[in-house]
Amino acid sequence: MEVGLPIVIAGAGECGTSVAAELVRGGYAGPIHLVGEEAGHPYERPPLSKAHLEPGGKAAPVPIDGQGLLQTSGVSHYPGLKAEAVDRDRAELILSNGLRLAYGRLVLATGASPRRLPMAEGLAGVHYLRSLADAAALRVTLARGGDVAVIGAGFIGLEVAAAARAHGCAVTVIEASDRILARGADPDISVAVASLHRAQGVTLLVSTGISALRNEGAHVVLTLSDGRETRADAVIVGIGAVPNTALAAAAGLAIDNGIAVDEALSTSDPQIFAAGDCCSFPLAVYGNRRVRLESWRNARDQAAQAAAILTCASPAPPLVPWFWSDQYDHTLQVAGLVDEGKTHVCRDLGKGAFINFHLSAEGVLVAACGFGPGQAVARDIRLAEMLIARRATPEPDALASAGVKLKTLVT
Ligand SMILES: Cc1cc2nc3c(=O)[nH]c(=O)nc-3n(C[C@H](O)[C@H](O)[C@H](O)COP(=O)(O)OP(=O)(O)OC[C@H]3O[C@@H](n4cnc5c(N)ncnc54)[C@H](O)[C@@H]3O)c2cc1C
(Lines give C-alpha, C1' and ligand atoms only; values in the text may rest on other atoms or scores of the structure.)
Protein backbone atom coordinates (compact mmCIF):
# COMPACT_ATOMS: atom_id res chain seq x y z
CA MET A 1 0.00 0.00 0.00
CA GLU A 2 1.14 3.52 -0.79
CA VAL A 3 2.71 4.89 2.38
CA GLY A 4 0.76 7.58 4.20
CA LEU A 5 -2.76 6.86 2.95
CA PRO A 6 -5.44 7.20 5.64
CA ILE A 7 -6.51 3.99 7.35
CA VAL A 8 -10.04 4.13 8.72
CA ILE A 9 -11.21 1.52 11.24
CA ALA A 10 -14.93 0.98 11.90
CA GLY A 11 -15.47 -0.48 15.37
CA ALA A 12 -13.41 0.46 18.43
CA GLY A 13 -13.60 -2.82 20.33
CA GLU A 14 -10.85 -5.35 20.99
CA CYS A 15 -9.91 -5.82 17.36
CA GLY A 16 -10.35 -2.32 15.92
CA THR A 17 -8.50 -0.68 18.79
CA SER A 18 -5.72 -3.25 18.54
CA VAL A 19 -5.38 -2.60 14.80
CA ALA A 20 -4.84 1.10 15.58
CA ALA A 21 -2.38 0.25 18.36
CA GLU A 22 -0.43 -2.18 16.16
CA LEU A 23 -0.23 0.35 13.34
CA VAL A 24 1.16 2.94 15.75
CA ARG A 25 3.64 0.44 17.19
CA GLY A 26 4.67 -0.46 13.65
CA GLY A 27 5.38 3.22 12.97
CA TYR A 28 2.65 3.73 10.37
CA ALA A 29 3.19 7.20 8.98
CA GLY A 30 -0.28 8.04 7.64
CA PRO A 31 -3.45 9.17 9.43
CA ILE A 32 -5.32 6.53 11.46
CA HIS A 33 -9.03 7.06 12.22
CA LEU A 34 -10.83 4.84 14.75
CA VAL A 35 -14.63 5.09 14.77
CA GLY A 36 -16.66 3.46 17.55
CA GLU A 37 -20.33 3.78 18.34
CA GLU A 38 -19.76 3.19 22.04
CA ALA A 39 -18.93 6.25 24.14
CA GLY A 40 -15.72 6.52 26.13
CA HIS A 41 -12.42 4.68 25.89
CA PRO A 42 -12.29 1.24 24.31
CA TYR A 43 -12.47 -1.42 27.01
CA GLU A 44 -11.92 -5.15 27.46
CA ARG A 45 -15.05 -7.32 27.31
CA PRO A 46 -13.91 -10.55 29.05
CA PRO A 47 -13.95 -8.99 32.57
CA LEU A 48 -17.60 -7.94 32.06
CA SER A 49 -18.80 -11.47 32.83
CA LYS A 50 -16.12 -12.11 35.47
CA ALA A 51 -14.51 -9.55 37.83
CA HIS A 52 -17.05 -6.90 36.89
CA LEU A 53 -19.97 -9.00 38.16
CA GLU A 54 -18.37 -10.40 41.30
CA PRO A 55 -19.39 -9.02 44.67
CA GLY A 56 -16.84 -6.30 45.41
CA GLY A 57 -15.26 -6.91 41.99
CA LYS A 58 -13.78 -4.16 39.84
CA ALA A 59 -16.56 -2.17 38.21
CA ALA A 60 -14.23 0.18 36.33
CA PRO A 61 -13.68 -0.76 32.70
CA VAL A 62 -10.30 -2.23 31.84
CA PRO A 63 -8.91 -0.18 28.96
CA ILE A 64 -7.67 -2.03 25.92
CA ASP A 65 -3.93 -1.50 25.87
CA GLY A 66 -4.27 0.95 23.04
CA GLN A 67 -5.82 3.53 25.34
CA GLY A 68 -2.57 5.19 26.33
CA LEU A 69 -1.47 4.90 22.75
CA LEU A 70 -4.68 6.44 21.44
CA GLN A 71 -4.20 9.46 23.65
CA THR A 72 -0.61 10.09 22.71
CA SER A 73 -0.15 8.70 19.23
CA GLY A 74 -2.20 10.99 17.07
CA VAL A 75 -4.81 8.33 16.28
CA SER A 76 -8.09 10.18 15.65
CA HIS A 77 -10.66 8.45 17.83
CA TYR A 78 -14.37 9.15 17.22
CA PRO A 79 -16.25 7.69 20.22
CA GLY A 80 -20.04 7.65 20.23
CA LEU A 81 -20.30 7.79 16.45
CA LYS A 82 -21.66 5.02 14.30
CA ALA A 83 -20.26 4.18 10.88
CA GLU A 84 -23.50 4.47 8.91
CA ALA A 85 -22.41 3.65 5.38
CA VAL A 86 -19.46 2.98 3.12
CA ASP A 87 -19.29 5.00 -0.08
CA ARG A 88 -17.06 2.64 -2.06
CA ASP A 89 -17.02 4.79 -5.19
CA ARG A 90 -15.50 7.70 -3.30
CA ALA A 91 -13.67 5.49 -0.76
CA GLU A 92 -15.29 7.25 2.20
CA LEU A 93 -16.80 6.04 5.46
CA ILE A 94 -19.88 8.06 6.41
CA LEU A 95 -20.46 8.60 10.13
CA SER A 96 -23.72 9.15 12.00
CA ASN A 97 -22.94 12.89 12.35
CA GLY A 98 -22.54 13.21 8.58
CA LEU A 99 -18.75 13.34 8.66
CA ARG A 100 -17.10 11.61 5.70
CA LEU A 101 -13.71 10.01 6.32
CA ALA A 102 -11.70 9.30 3.20
CA TYR A 103 -9.81 6.02 3.35
CA GLY A 104 -6.91 4.45 1.54
CA ARG A 105 -7.81 1.24 3.36
CA LEU A 106 -10.88 0.56 5.48
CA VAL A 107 -10.89 -2.05 8.26
CA LEU A 108 -14.27 -3.32 9.46
CA ALA A 109 -14.04 -4.53 13.06
CA THR A 110 -17.69 -4.24 14.02
CA GLY A 111 -17.80 -7.28 16.31
CA ALA A 112 -20.94 -9.19 17.17
CA SER A 113 -24.17 -8.63 19.08
CA PRO A 114 -26.04 -10.97 21.42
CA ARG A 115 -28.56 -13.18 19.64
CA ARG A 116 -31.95 -11.90 20.76
CA LEU A 117 -34.75 -14.11 22.05
CA PRO A 118 -37.86 -12.78 20.25
CA MET A 119 -40.27 -13.88 22.99
CA ALA A 120 -38.29 -11.82 25.53
CA GLU A 121 -38.59 -8.53 23.62
CA GLY A 122 -40.15 -5.76 25.68
CA LEU A 123 -40.18 -7.71 28.96
CA ALA A 124 -38.84 -6.16 32.14
CA GLY A 125 -36.12 -8.04 34.04
CA VAL A 126 -34.45 -9.55 30.95
CA HIS A 127 -30.72 -8.95 30.44
CA TYR A 128 -28.18 -9.51 27.68
CA LEU A 129 -24.45 -9.09 28.17
CA ARG A 130 -22.13 -7.55 25.60
CA SER A 131 -21.33 -3.98 26.65
CA LEU A 132 -20.16 -2.15 29.72
CA ALA A 133 -23.67 -0.70 30.11
CA ASP A 134 -25.15 -4.22 30.03
CA ALA A 135 -22.67 -5.35 32.69
CA ALA A 136 -23.37 -2.34 34.92
CA ALA A 137 -27.11 -3.07 34.84
CA LEU A 138 -26.57 -6.77 35.50
CA ARG A 139 -24.22 -6.06 38.39
CA VAL A 140 -26.93 -4.05 40.15
CA THR A 141 -29.49 -6.80 39.51
CA LEU A 142 -27.27 -9.62 40.83
CA ALA A 143 -26.40 -7.63 43.94
CA ARG A 144 -30.11 -7.68 44.87
CA GLY A 145 -30.02 -11.50 45.12
CA GLY A 146 -33.20 -13.46 44.45
CA ASP A 147 -33.99 -15.97 41.74
CA VAL A 148 -31.99 -15.80 38.54
CA ALA A 149 -32.70 -17.79 35.38
CA VAL A 150 -29.98 -18.06 32.76
CA ILE A 151 -31.16 -19.07 29.30
CA GLY A 152 -28.31 -20.76 27.43
CA ALA A 153 -25.40 -22.70 28.91
CA GLY A 154 -22.62 -21.28 26.78
CA PHE A 155 -19.55 -19.58 28.20
CA ILE A 156 -21.18 -16.26 28.99
CA GLY A 157 -24.31 -17.81 30.53
CA LEU A 158 -22.21 -20.05 32.77
CA GLU A 159 -19.88 -17.24 33.83
CA VAL A 160 -22.93 -15.16 34.76
CA ALA A 161 -24.36 -18.15 36.66
CA ALA A 162 -21.12 -18.38 38.68
CA ALA A 163 -21.21 -14.65 39.44
CA ALA A 164 -24.88 -14.88 40.45
CA ARG A 165 -24.07 -17.68 42.89
CA ALA A 166 -21.33 -15.53 44.39
CA HIS A 167 -24.05 -12.95 45.11
CA GLY A 168 -26.15 -15.66 46.79
CA CYS A 169 -28.76 -15.77 44.04
CA ALA A 170 -30.69 -19.00 43.45
CA VAL A 171 -29.64 -19.86 39.91
CA THR A 172 -31.29 -22.03 37.28
CA VAL A 173 -29.56 -22.53 33.92
CA ILE A 174 -31.80 -23.67 31.09
CA GLU A 175 -30.18 -25.21 28.02
CA ALA A 176 -31.98 -26.48 24.92
CA SER A 177 -29.25 -28.89 23.81
CA ASP A 178 -28.53 -32.13 25.66
CA ARG A 179 -25.34 -30.83 27.28
CA ILE A 180 -23.86 -27.54 28.41
CA LEU A 181 -21.07 -25.92 26.35
CA ALA A 182 -22.13 -28.03 23.38
CA ARG A 183 -20.72 -25.55 20.87
CA GLY A 184 -17.16 -25.01 22.03
CA ALA A 185 -16.06 -27.79 24.37
CA ASP A 186 -16.05 -31.58 24.33
CA PRO A 187 -18.53 -33.78 26.26
CA ASP A 188 -16.08 -34.65 29.09
CA ILE A 189 -15.50 -30.96 29.74
CA SER A 190 -19.27 -30.40 29.71
CA VAL A 191 -19.66 -33.07 32.39
CA ALA A 192 -16.87 -31.62 34.54
CA VAL A 193 -18.15 -28.04 34.26
CA ALA A 194 -21.71 -29.18 34.93
CA SER A 195 -20.70 -31.00 38.11
CA LEU A 196 -18.80 -27.92 39.29
CA HIS A 197 -21.91 -25.77 38.82
CA ARG A 198 -24.13 -28.33 40.53
CA ALA A 199 -21.70 -28.52 43.44
CA GLN A 200 -21.98 -24.75 43.70
CA GLY A 201 -25.77 -25.05 43.97
CA VAL A 202 -26.81 -24.21 40.40
CA THR A 203 -29.83 -26.05 39.00
CA LEU A 204 -28.93 -27.13 35.46
CA LEU A 205 -31.73 -28.11 33.10
CA VAL A 206 -30.53 -29.55 29.79
CA SER A 207 -32.66 -30.63 26.80
CA THR A 208 -35.06 -27.95 27.97
CA GLY A 209 -36.36 -25.15 25.81
CA ILE A 210 -38.41 -22.07 26.63
CA SER A 211 -41.98 -22.03 25.30
CA ALA A 212 -43.08 -18.69 26.68
CA LEU A 213 -41.99 -15.79 28.84
CA ARG A 214 -44.15 -13.21 30.57
CA ASN A 215 -43.96 -10.59 33.26
CA GLU A 216 -46.03 -11.13 36.37
CA GLY A 217 -45.66 -8.31 38.86
CA ALA A 218 -41.94 -7.78 39.35
CA HIS A 219 -41.15 -11.29 38.13
CA VAL A 220 -40.48 -13.03 34.86
CA VAL A 221 -42.37 -16.30 34.48
CA LEU A 222 -40.72 -18.85 32.20
CA THR A 223 -42.73 -21.67 30.68
CA LEU A 224 -40.37 -24.53 29.91
CA SER A 225 -40.71 -26.89 26.96
CA ASP A 226 -41.89 -29.67 29.30
CA GLY A 227 -44.76 -27.46 30.45
CA ARG A 228 -43.30 -26.58 33.84
CA GLU A 229 -43.28 -22.95 34.96
CA THR A 230 -40.53 -21.28 36.88
CA ARG A 231 -40.33 -17.68 38.07
CA ALA A 232 -37.30 -15.47 38.33
CA ASP A 233 -36.45 -11.98 39.53
CA ALA A 234 -34.07 -11.66 36.60
CA VAL A 235 -33.42 -13.53 33.37
CA ILE A 236 -30.12 -13.48 31.50
CA VAL A 237 -30.24 -14.54 27.88
CA GLY A 238 -26.94 -16.01 26.65
CA ILE A 239 -27.80 -17.84 23.44
CA GLY A 240 -24.87 -16.84 21.30
CA ALA A 241 -23.93 -13.88 19.18
CA VAL A 242 -24.51 -12.77 15.62
CA PRO A 243 -21.85 -10.94 13.60
CA ASN A 244 -22.46 -7.25 12.92
CA THR A 245 -22.55 -7.33 9.13
CA ALA A 246 -25.15 -4.67 8.29
CA LEU A 247 -22.61 -2.01 7.31
CA ALA A 248 -20.71 -4.44 5.07
CA ALA A 249 -23.85 -5.96 3.56
CA ALA A 250 -25.27 -2.53 2.70
CA ALA A 251 -21.97 -1.75 0.99
CA GLY A 252 -22.40 -4.85 -1.17
CA LEU A 253 -19.55 -6.86 0.36
CA ALA A 254 -19.77 -10.66 0.38
CA ILE A 255 -21.26 -12.13 3.56
CA ASP A 256 -20.87 -15.76 4.62
CA ASN A 257 -21.56 -16.31 8.34
CA GLY A 258 -19.92 -12.90 8.88
CA ILE A 259 -18.10 -10.58 6.52
CA ALA A 260 -16.31 -13.00 4.19
CA VAL A 261 -12.57 -12.39 3.97
CA ASP A 262 -9.70 -14.30 2.39
CA GLU A 263 -6.56 -15.52 4.16
CA ALA A 264 -5.20 -11.95 4.02
CA LEU A 265 -8.37 -10.54 5.66
CA SER A 266 -9.40 -8.85 2.44
CA THR A 267 -13.15 -8.60 1.77
CA SER A 268 -14.63 -8.84 -1.72
CA ASP A 269 -13.40 -5.22 -2.13
CA PRO A 270 -9.57 -5.22 -2.01
CA GLN A 271 -9.56 -1.78 -0.35
CA ILE A 272 -11.63 -3.07 2.56
CA PHE A 273 -10.53 -5.54 5.24
CA ALA A 274 -12.45 -7.16 8.09
CA ALA A 275 -11.24 -8.78 11.31
CA GLY A 276 -12.42 -10.08 14.67
CA ASP A 277 -15.86 -11.42 15.64
CA CYS A 278 -17.52 -9.89 12.56
CA CYS A 279 -15.66 -11.89 9.90
CA SER A 280 -15.41 -15.43 8.61
CA PHE A 281 -12.11 -16.54 7.17
CA PRO A 282 -10.28 -19.62 5.87
CA LEU A 283 -8.30 -21.20 8.67
CA ALA A 284 -5.05 -22.54 7.20
CA VAL A 285 -4.34 -25.04 9.96
CA TYR A 286 -7.57 -26.90 9.06
CA GLY A 287 -7.12 -26.90 5.29
CA ASN A 288 -8.73 -23.48 4.88
CA ARG A 289 -12.03 -24.47 6.47
CA ARG A 290 -14.07 -21.25 6.74
CA VAL A 291 -14.71 -20.29 10.37
CA ARG A 292 -15.84 -17.33 12.41
CA LEU A 293 -14.27 -17.12 15.86
CA GLU A 294 -15.64 -15.18 18.80
CA SER A 295 -12.61 -14.99 21.02
CA TRP A 296 -10.36 -12.39 22.53
CA ARG A 297 -7.20 -13.97 21.17
CA ASN A 298 -8.57 -14.14 17.64
CA ALA A 299 -9.48 -10.44 17.80
CA ARG A 300 -5.91 -9.65 18.89
CA ASP A 301 -4.24 -12.00 16.40
CA GLN A 302 -6.27 -10.75 13.45
CA ALA A 303 -5.59 -7.15 14.50
CA ALA A 304 -1.87 -7.88 14.37
CA GLN A 305 -2.30 -9.65 11.04
CA ALA A 306 -4.30 -6.74 9.58
CA ALA A 307 -1.73 -4.20 10.72
CA ALA A 308 1.09 -6.31 9.24
CA ILE A 309 -0.74 -6.56 5.93
CA LEU A 310 -1.51 -2.82 5.85
CA THR A 311 2.11 -1.95 6.53
CA CYS A 312 3.59 -4.72 4.36
CA ALA A 313 5.34 -6.16 7.44
CA SER A 314 6.09 -9.88 7.70
CA PRO A 315 2.97 -11.97 8.17
CA ALA A 316 1.97 -13.39 11.55
CA PRO A 317 2.43 -17.11 12.34
CA PRO A 318 -0.50 -19.44 11.57
CA LEU A 319 -3.47 -18.87 13.78
CA VAL A 320 -4.73 -21.58 16.14
CA PRO A 321 -8.10 -20.81 17.75
CA TRP A 322 -7.81 -20.39 21.52
CA PHE A 323 -10.41 -19.53 24.08
CA TRP A 324 -10.60 -19.43 27.85
CA SER A 325 -13.39 -19.09 30.39
CA ASP A 326 -13.19 -18.57 34.15
CA GLN A 327 -15.93 -20.04 36.32
CA TYR A 328 -15.64 -20.00 40.12
CA ASP A 329 -11.98 -20.82 40.82
CA HIS A 330 -11.67 -22.98 37.70
CA THR A 331 -10.45 -22.18 34.21
CA LEU A 332 -11.38 -23.84 30.99
CA GLN A 333 -9.17 -23.51 27.92
CA VAL A 334 -9.75 -24.76 24.42
CA ALA A 335 -7.11 -24.68 21.69
CA GLY A 336 -8.07 -25.70 18.16
CA LEU A 337 -11.41 -26.92 16.87
CA VAL A 338 -12.82 -29.89 18.77
CA ASP A 339 -15.12 -30.97 15.94
CA GLU A 340 -12.07 -31.67 13.73
CA GLY A 341 -11.25 -34.62 16.00
CA LYS A 342 -12.25 -38.27 15.53
CA THR A 343 -10.74 -39.71 18.72
CA HIS A 344 -9.34 -38.31 21.92
CA VAL A 345 -7.05 -39.24 24.78
CA CYS A 346 -7.12 -37.77 28.26
CA ARG A 347 -4.15 -36.56 30.31
CA ASP A 348 -4.92 -36.46 34.03
CA LEU A 349 -3.03 -33.55 35.57
CA GLY A 350 -4.14 -34.34 39.13
CA LYS A 351 -6.17 -32.23 41.57
CA GLY A 352 -9.19 -32.44 39.29
CA ALA A 353 -7.43 -30.96 36.26
CA PHE A 354 -7.35 -32.75 32.91
CA ILE A 355 -6.79 -32.14 29.22
CA ASN A 356 -8.44 -34.02 26.39
CA PHE A 357 -6.30 -34.15 23.25
CA HIS A 358 -8.33 -34.56 20.08
CA LEU A 359 -6.80 -36.30 17.06
CA SER A 360 -7.97 -36.52 13.47
CA ALA A 361 -8.40 -39.85 11.68
CA GLU A 362 -4.81 -39.39 10.43
CA GLY A 363 -3.51 -38.90 13.97
CA VAL A 364 -2.99 -35.13 13.65
CA LEU A 365 -3.50 -33.25 16.91
CA VAL A 366 -6.39 -30.88 16.10
CA ALA A 367 -7.61 -29.64 19.49
CA ALA A 368 -6.95 -29.68 23.20
CA CYS A 369 -9.60 -29.00 25.82
CA GLY A 370 -8.52 -28.52 29.41
CA PHE A 371 -10.31 -27.79 32.65
CA GLY A 372 -9.10 -27.45 36.20
CA PRO A 373 -8.54 -25.20 39.18
CA GLY A 374 -6.60 -21.98 38.68
CA GLN A 375 -4.12 -22.07 35.84
CA ALA A 376 -3.55 -25.85 36.07
CA VAL A 377 -4.06 -26.47 32.35
CA ALA A 378 -2.51 -23.27 30.94
CA ARG A 379 1.05 -24.42 30.23
CA ASP A 380 0.09 -27.70 28.56
CA ILE A 381 -2.59 -26.02 26.46
CA ARG A 382 0.04 -23.54 25.27
CA LEU A 383 2.30 -26.43 24.23
CA ALA A 384 -0.64 -28.18 22.57
CA GLU A 385 -1.24 -25.02 20.52
CA MET A 386 2.28 -25.27 19.12
CA LEU A 387 1.71 -28.90 18.19
CA ILE A 388 -1.63 -28.04 16.54
CA ALA A 389 -0.01 -25.21 14.56
CA ARG A 390 2.57 -27.68 13.21
CA ARG A 391 -0.09 -30.29 12.44
CA ALA A 392 1.97 -32.67 14.57
CA THR A 393 1.10 -36.37 14.93
CA PRO A 394 2.19 -37.14 18.50
CA GLU A 395 1.83 -40.65 19.92
CA PRO A 396 -1.56 -40.82 21.69
CA ASP A 397 0.05 -42.76 24.58
CA ALA A 398 2.57 -39.97 25.09
CA LEU A 399 -0.20 -37.35 25.11
CA ALA A 400 -2.15 -39.34 27.68
CA SER A 401 0.77 -40.02 29.97
CA ALA A 402 1.32 -37.31 32.59
CA GLY A 403 4.83 -38.78 32.97
CA VAL A 404 5.79 -37.59 29.46
CA LYS A 405 6.44 -33.86 29.43
CA LEU A 406 4.55 -32.26 26.54
CA LYS A 407 7.55 -30.04 25.96
CA THR A 408 9.53 -33.06 24.79
CA LEU A 409 6.90 -33.65 22.08
CA VAL A 410 7.19 -30.04 20.92
CA THR A 411 10.95 -30.15 20.63
C1 LIG B 1 -19.14 -10.59 28.37
C2 LIG B 1 -18.10 -11.16 27.47
C3 LIG B 1 -17.12 -11.99 27.99
C4 LIG B 1 -16.15 -12.54 27.16
N5 LIG B 1 -15.21 -13.38 27.70
C6 LIG B 1 -14.30 -13.95 26.91
C7 LIG B 1 -13.34 -14.86 27.44
O8 LIG B 1 -13.34 -15.17 28.62
N9 LIG B 1 -12.44 -15.40 26.60
C10 LIG B 1 -12.39 -15.09 25.26
O11 LIG B 1 -11.54 -15.60 24.53
N12 LIG B 1 -13.30 -14.23 24.72
C13 LIG B 1 -14.25 -13.66 25.51
N14 LIG B 1 -15.16 -12.81 24.98
C15 LIG B 1 -15.13 -12.54 23.53
C16 LIG B 1 -14.24 -11.36 23.17
O17 LIG B 1 -14.44 -10.29 24.05
C18 LIG B 1 -14.57 -10.95 21.75
O19 LIG B 1 -14.24 -12.04 20.92
C20 LIG B 1 -13.82 -9.71 21.30
O21 LIG B 1 -14.25 -8.60 22.05
C22 LIG B 1 -14.07 -9.45 19.83
O23 LIG B 1 -13.49 -8.24 19.46
P24 LIG B 1 -14.09 -7.40 18.24
O25 LIG B 1 -13.32 -6.14 18.19
O26 LIG B 1 -14.18 -8.25 17.05
O27 LIG B 1 -15.58 -7.09 18.68
P28 LIG B 1 -16.06 -6.12 19.85
O29 LIG B 1 -15.11 -6.16 20.99
O30 LIG B 1 -17.48 -6.47 20.10
O31 LIG B 1 -15.97 -4.67 19.22
C32 LIG B 1 -16.78 -4.24 18.15
C33 LIG B 1 -17.07 -2.79 18.36
O34 LIG B 1 -17.59 -2.24 17.16
C35 LIG B 1 -18.67 -1.37 17.48
N36 LIG B 1 -19.48 -1.22 16.29
C37 LIG B 1 -20.30 -2.13 15.70
N38 LIG B 1 -20.86 -1.60 14.59
C39 LIG B 1 -20.39 -0.35 14.47
C40 LIG B 1 -20.59 0.70 13.51
N41 LIG B 1 -21.40 0.54 12.46
N42 LIG B 1 -19.94 1.88 13.71
C43 LIG B 1 -19.11 2.05 14.78
N44 LIG B 1 -18.89 1.10 15.71
C45 LIG B 1 -19.51 -0.09 15.54
C46 LIG B 1 -19.34 -2.07 18.64
O47 LIG B 1 -20.17 -1.19 19.36
C48 LIG B 1 -18.13 -2.53 19.44
O49 LIG B 1 -17.69 -1.54 20.31
C50 LIG B 1 -16.15 -12.24 25.78
C51 LIG B 1 -17.15 -11.41 25.25
C52 LIG B 1 -18.10 -10.87 26.08
C53 LIG B 1 -19.17 -10.00 25.50
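Biologist: How many bridges pair E23 and E26, and in what sense?

Modeller: This is a predicted model. In it, E23 and strand E26 (residues 365–373) pair over 7 bridges in the antiparallel sense. Gln333 has Gly370 in E26 as its bridge partner.

Biologist: And what does E23 do with E22?

Modeller: Strand E22 (residues 322–327) pairs with E23 through 6 bridges, also in the antiparallel sense. His330 in E23 is the bridge partner of Gln327. The hairpin of E22 and E23 has 2 residues between the strands, and Tyr328 takes a positive phi near 55° there.

Biologist: How many residues of E23 are buried?

Modeller: Strand E23 (residues 330–336) has 6 of its 7 residues buried, so the strand is mostly covered.

Biologist: What is the strand order in that sheet?

Modeller: The order is E22-E23-E26-E25-E24. It is an open sheet of 5 strands with antiparallel pairing.

Biologist: Which strands stand at the edges?

Modeller: E22 and strand E24 (343–350) do. Each has a single partner strand, so one side of each has no neighbour in the sheet. Neighbouring strands of the sheet are turned against each other by 10° on average, with direction ignored.

Biologist: Go on to E25. What joins it to E26?

Modeller: Strand E25 (residues 353–359) and E26 run antiparallel and are joined by 6 bridges. In E26, Leu365 is the bridge partner of Leu359, and Ala367 is the bridge partner of His358. The hairpin of E25 and E26 has 5 residues between the strands, and Gly363 takes a positive phi near 85° in that hairpin.

Biologist: And on the E24 side, how many bridges?

Modeller: E24 and E25 pair over 7 bridges, in the antiparallel sense. Asp348 stands opposite Phe354 in E25. These two strands form a hairpin with 2 residues between them, and Lys351 in the turn has a positive phi of about 50°.

Biologist: Which residues of E25 point which way?

Modeller: Ala353, Ile355, Phe357 and Leu359 point one way, and Phe354, Asn356 and His358 point the other way. In a regular strand the side chains alternate between the two faces of the sheet.

Biologist: Buried or exposed, those residues of E25?

Modeller: They are all buried, on both sides. With 7 of its 7 residues buried, E25 is largely enclosed by the rest of the structure.

Biologist: What lies across this sheet?

Modeller: Helix H8 (residues 378–389) lies across E22, E23, E25 and E26. H8 runs at about 175° to E26.

Biologist: Different topic. What is the order of the parallel sheet?

Modeller: That open sheet has 5 strands in the order E9-E16-E10-E11-E12, and the pairing is parallel. Its edge strands are strand E9 (126–127) and strand E12 (203–205), each pairing on one side only.

Biologist: How many bridges between E9 and E16?

Modeller: E9 pairs with strand E16 (residues 234–237) over 2 bridges, in the parallel sense. Ile236 in E16 is the bridge partner of His127.

Biologist: Now the helices. How do H1 and H7 cross?

Modeller: The axes of helix H1 (residues 14–25) and helix H7 (residues 296–310) come within 8 Å and cross at roughly 40°. That makes H1 oblique to H7. The crossing of H1 past H7 is right-handed.

Biologist: Which residues of H1 and H7 meet?

Modeller: From H1 there are Glu14, Cys15, Ser18, Val19, Glu22 and Leu23. They meet a set of H7 residues including Trp296, Arg300, Gln302 and Leu310. The residues of the contact of H1 with H7 divide into 10 nonpolar, 2 polar and 3 charged.

Biologist: Gln302, buried or exposed?

Modeller: Gln302 is buried, because 28 other C-beta atoms lie within 10 Å. Leaving out residues up to four places away in sequence, Gln302 touches Cys15, Leu265, Ala275 and Gly276. From Gln302 to Ala274 is 8.9 Å in space, C-alpha to C-alpha, and the two are 28 residues apart in sequence.

Biologist: Last one. Where is Thr408, and why does it count as exposed?

Modeller: Thr408 is in helix H10 (residues 406–410). Thr408 counts as exposed because it has 10 C-beta neighbours inside 10 Å, and the cut-off for exposed is 12 or fewer. Thr408 and Leu383 are 9.8 Å apart in space, C-alpha to C-alpha, and 25 residues apart in sequence.

Notes. Residues are numbered from 1 along each chain as its sequence is written. This is a predicted model: local features need pLDDT of at least 70, side-chain atom pairs count only at pLDDT 80 or more; totals for chains, interfaces and linings use all residues. Axes are lines fitted to C-alpha atoms, for helices over the stretch in contact, and angles run from 0 to 180 degrees between N-to-C directions. Helices (H or I, at least four residues) and strands (E, at least two) are DSSP runs, numbered from the N terminus. Angles under 35 degrees count as roughly parallel, over 145 as roughly antiparallel, 65 to 115 as roughly perpendicular and the rest as oblique. A crossing is left-handed if the near helix is turned anticlockwise from the far one by less than a right angle, and right-handed if clockwise. Two residues are in contact if their C-beta atoms, placed from the backbone, lie within 7 Å. Ala, Val, Leu, Ile, Met, Phe, Trp, Tyr, Cys and Pro count as nonpolar, Asp, Glu, Lys and Arg as charged, and the others, Gly among them, as polar. A residue is buried if 20 or more other C-beta atoms lie within 10 Å of its own, exposed if 12 or fewer, and partly exposed in between; C-beta atoms are placed from the backbone. Two strands pair if DSSP finds at least two bridges between them.
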